[in-house]
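Trainee: I have the sequence and the coordinates open. Please take me through the structure by question and answer.

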Amino acid sequence: MKAVEINGSIKTYSALPKSWGNVIGGFDLLSDSELETHGFYDVEYPSDYDSKIHNLGDLNFDSDNNVFSYSKTNKTWSQSVSALKAEKISNLKHTYNRELQKTDWIIIRDQELGNTTEQSVLDARAALRTECAEKEAEINSLSGKSNVVTYELPNFLN
C-alpha cells in the first residue's frame, strides 16, 4: 500500500493510479524511488498490530524512515470478561458440534439398525468431546478481555 499527502490530507492507495500529474500512463509501473519523487511512500502498520485487539489510529508521515505509518490504540469491549468467555465458548462448542455432525449419521444408522458402531468412530467422537472440554477449561482460565478475544479456536478444514 502506498500513500501521498495532498494539501495536508493523506490519501492511501491499495492500487496506484495509472496516471498522476504529468505522468500520463504507466504511473503504477514506476519504481519505488520514482514514486517517492511524486510523494508516494509505503504505508506501514505497527509491528505488533492485531486487528482483534487494536484499532488503527492516525496515519502520519515518518520522515526519519520515509514511510507513512499508522498509530494504534487498544480496543475496548462493552462486554465483561465473563460475557466474552461465554461467547467464545459458544463458538467453540459450535465448532466441535459441526465436527461431530460429520459422524452423527453413523451413530443414528447404527442405533436404528441395532448395529454396533465401530470403535474408531466412537473413539474419535470421544476425543473431540474431550478436546472441546479441555479448550473450554483453557478459555475459562484466561484473564483479561484481550486474552479471551485473541484465543484461537480450532479450525477443522475437512
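Mentor: Start with a definition: buried means under 20% relative accessible area, exposed means over 50%, and partly exposed is in between, with a 1.4 Å probe and protein chains only. This is a predicted model, in which local features need pLDDT of at least 70 and side-chain atom pairs count only at pLDDT 80 or more, while totals for chains, interfaces and linings use all residues. Residues are numbered from 1 along each chain as its sequence is written, and side-chain values use heavy atoms, with hydrogens and water left out.

Trainee: Is V121 buried or exposed?

Mentor: V121 belongs to helix α3. Helices are DSSP runs of H or I with at least four residues, strands are runs of E with at least two, and both are numbered from the N terminus. The relative accessible area of V121 is 13%, so V121 is buried.

Trainee: Which residues does V121 touch, not counting residues up to four places away in sequence?

Mentor: Contact means heavy atoms within 4.5 Å. T103 is 18 residues from V121 in sequence, with 7.5 Å between the C-alpha atoms. With residues up to four places away not counted, V121 touches T103, I106 and I107.

Trainee: How are α2 and α3 oriented to each other?

Mentor: Axes are lines fitted to C-alpha atoms, for helices over the stretch in contact, and angles run from 0 to 180 degrees between N-to-C directions. The axes of α2 (residues 81–113) and α3 (residues 119–141) come within 10 Å and cross at roughly 180°. Angles under 35 degrees count as roughly parallel, over 145 as roughly antiparallel, 65 to 115 as roughly perpendicular and the rest as oblique. The two helices, α2 and α3, are therefore roughly antiparallel.

Trainee: How do the residues of the contact of α2 with α3 divide into nonpolar, polar and charged?

Mentor: On the α2 side the contact includes I89, L92, Y96 and T103, and on the α3 side it includes V121, L128, K135 and I139. Ala, Val, Leu, Ile, Met, Phe, Trp, Tyr, Cys and Pro count as nonpolar, Asp, Glu, Lys and Arg as charged, and the others, Gly among them, as polar. The contact residues divide into 10 charged, two polar and 11 nonpolar.

Trainee: Which residues does I89 touch, not counting residues up to four places away in sequence?

Mentor: I89 lies in α2, and its relative accessible area of 11% makes it buried. Its C-alpha atom is 28 Å from that of L56, 33 residues apart along the chain. Not counting residues up to four places away in sequence, I89 touches E136, I139 and N140.

Trainee: Which residues does D110 touch under that sequence limit of four places?

Mentor: D110 is another residue in α2. It counts as buried because its relative accessibility is 4%. Outside the four-place limit, D110 touches N115, T116, T117 and E118.

Trainee: Where is V148, and with which residues is it in contact, leaving aside neighbours within four places in sequence?

Mentor: V148 sits in helix α4 and counts as buried at 1% relative accessibility. E138 is 10 residues away in sequence, and the C-alpha atoms of V148 and E138 are 9.8 Å apart. Leaving aside neighbours within four places, V148 is in contact with V81, L84, K85, K88 and L142.

Trainee: With which residues is P154 in contact, leaving aside neighbours within four places in sequence?

Mentor: P154 is in the segment after α4 (145–150). With neighbours within four places left aside, P154 is in contact with L92, T95, Y96 and K135.

Trainee: Are the rings of Y13 and F40 stacked, edge-to-face or tilted?

Mentor: Rings of Phe, Tyr and Trp (its six-membered ring) pair if their centres lie within 6.5 Å; planes under 30 degrees apart count as stacked, over 60 as edge-to-face and the rest as tilted. The whole structure has 11 aromatic pairs. The ring centres of Y13 and F40 are 5.5 Å apart and the planes are at 50°, so the pair is tilted.

Trainee: Is N7 buried or exposed?

Mentor: N7 is in the loop between β1 (2–6) and β2 (9–13). It has a positive phi of about 50° although it is not a glycine. At 80% relative accessibility, N7 is exposed.
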